[in-house]
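Good morning, everyone, and thank you for letting me take a few minutes today. Please have a look at the sequence and the structure on the screen, and then I will walk through some of the places I looked at.

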Amino acid sequence: MIGDNPSRFHSSREQGATVKDWGGRIPVALVFPGTYHIGMSSLGYQTVYSILNSYNDIVCERVFSDSNYKSIESDRPLSDYAVIAFSISSELDYFNAIEMMSSSSIPLKSADRGPSHPVIVAGGPCVTANPEPLTPFLDAFVIGEGEPILPAFVDVITDTAGGSRDDTLQGLADINGMYVPRLNKGRTVTRQWVRNLDDFATTSAVLTRYTEFSNMYLVEVARGCPWGCRFCLAGYLFRPYRFRSASNLLKQCEQGLKLTGKIGLLGACVSDHPEIDELTSQLRKMGAAISVSSLRVKPLSDAVLRALKESGAGNLTLAPEAGSEMLRRAINKGINGEDIISAADRIIHADFRQLKMYFMIGLPTETEDDIEEIIALASEIKERGERRRSGCRIILAIEPFVPKAGTPFQRLPMAGEKVLRKRLSYLKRRLEKRGIEVRSESVPWAVVQAVLSRGDGRLAPALAATAGDRTLSTWRKALSDSSIDADFYIGREIPLKERLPWNYIDSGVKNDYLETEAERASEGRTTPPCPIGTECHRCGVC
């Protein structure tokens, strides 16, 4: 049991946390607006914690939604810090962020804060894509990856310490990749990204068993994804695909093995690393038990499967996303039905106990026939598994499609809630009869996520109204009280001539490329993946 003091509970069970004396240092609260369990599973969150604490003038401490809004390291409240930095990974985190600010004796709106209040910033994929719904509340946003921005960020907050709040905000507004709504309004903000990942070590800073990756040393293998799935925020927001050299990764893992015997390899598509076979082979020779965050259906490395099996892994996950060939072409998945069956067969024949597969419903152009194709595909895999081993466990994880800013599908509507509920219920009814477990994301909350993903500053009053009561009913009432129709944000296709709320964010991907990809999707035409290790100049990032 965690008890009444979660900070003390977690800090006493960690390895590697940084505890500094506050004397003469600028205190920064690094806030994950979610639970400790989820936040400490985020390698990005841990990386920022490590970088900030590498500066002698900074003391960075962690705060979570289940730590009584106090830091793990010193049990101090948010109002004690000079800077509050939110790491936001999902639009649904906005509600916790609003609650944490409003409960900390800090004015909720940036315009109401004075010299004695902390400077509040936020970073993360969703706010990089579209910060608009949070702009009245945050003083500044980090647009892009933290490594190239943090040195200048630290310079500003140290140089202006003890000075005026306006000086700090002006200094932040002058940094490439920082967006200060009060000062940058109307100005293009360019996403920042790391050119050479080998220049930075992205590994676990703190080990704990109270996380999804229990006492596992996490190492980022690659960043971005070359495949260009048209619905995927990460695939566009973290372009181009970059990977660390195997020699660099092995050095990082060697340090990790001094702390634990378990190594977790992270990335959007770990199995696409050009040296993945060599990397996993060497790690096994070093005695490491290996886990990976993602395996692509194709290519699926035998060496990786063998290393995972030898490491004791019992469960593997694949992401076909769609059941029909036509829909997979529309989303540019780059695999076919035979690829999926072949990958599932290899996993089953390697005697993994469980295969989990991710599918989406409500994708653009989806029909009821596409739902039948999910059922047929999953049923065939289940039957083939049963022939191999009685009790073969197949799990389908179903997520509603949510249109994301900065992707080719950013202007397309979301399927209606009734349609999504109907299709999800049908999938469960048909598949569970066949012994296939179906797990699903909440349809109503997916709708909320979509509203925030494509939203603008007009949503701010509704977000503020949820402070203290983060329920669907409160959110819906708040929208109604603000005369906001959720369908305006998600139920229509946004015309090309209509200005997007986030159009001042320059992700590097050209708008005409996104429009062309959306057109190719409607025609069922695929686009080849980005070449690995070379520049292609198609989308504009390289």
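At what angle do helix H14 and helix H15 pack, and how far apart are their axes? Before I answer, please keep in mind that what we are looking at is a predicted model. Helix H14, which covers residues 337–349, and helix H15, which covers residues 368–388, pack at an angle of about 30°, and their axes are 10 Å apart. Angles under 35 degrees count as roughly parallel, and H14 and H15 are therefore roughly parallel to each other. Their crossing is right-handed. On the H14 side the contact is made by Ile340, Ile341, Ala344, Asp345, Ile348 and His349, while H15 contributes Leu377, Glu380, Ile381, Arg384, Gly385 and Arg388. If we sort the residues of this contact by class, we find six nonpolar, two polar and four charged ones. As a reminder for those new to helices, an α-helix has 3.6 residues a turn, so residues three or four places apart point the same way.

Let me turn now to helix H17. Among the buried residues are Val443, Pro444, Gln449 and Ser453. And what do the buried residues of H17 pack against? Their partners are strand S17 and the helices H4, H16, H18, H19 and H20.

Glutamate 147 sits in the loop between strand S6 and helix H6. Is glutamate 147 buried or exposed? Its relative accessibility is 9%, so glutamate 147 counts as buried. Its side chain is joined to the side chain of arginine 223 by a polar contact of 2.9 Å, and, if we do not count residues up to four places away in sequence, the residues that glutamate 147 touches include Thr47, Ile51 and Phe200.

Glutamate 132 lies in the loop between helix H5 and S6, and, with a relative accessible area of 9%, glutamate 132 is buried. Leaving aside neighbours within four places in sequence, glutamate 132 is in contact with several residues, including Tyr179, Lys185, Asp456 and Tyr504.

Note on methods:
Residues are numbered from 1 along each chain as its sequence is written. This is a predicted model: local features need pLDDT of at least 70, side-chain atom pairs count only at pLDDT 80 or more; totals for chains, interfaces and linings use all residues. Side-chain values use heavy atoms; hydrogens and water are left out. Axes are lines fitted to C-alpha atoms, for helices over the stretch in contact, and angles run from 0 to 180 degrees between N-to-C directions. Helices (H or I, at least four residues) and strands (E, at least two) are DSSP runs, numbered from the N terminus. Angles under 35 degrees count as roughly parallel, over 145 as roughly antiparallel, 65 to 115 as roughly perpendicular and the rest as oblique. A crossing is left-handed if the near helix is turned anticlockwise from the far one by less than a right angle, and right-handed if clockwise. Contact means heavy atoms within 4.5 Å. Ala, Val, Leu, Ile, Met, Phe, Trp, Tyr, Cys and Pro count as nonpolar, Asp, Glu, Lys and Arg as charged, and the others, Gly among them, as polar. Buried means under 20% relative accessible area, exposed over 50%, partly exposed in between (1.4 Å probe, protein chains only). A polar contact is a pair of N or O atoms within 3.5 Å; within protein, one must be able to donate a hydrogen and the other to accept it, and residues adjacent in sequence count only if both atoms are side-chain atoms.
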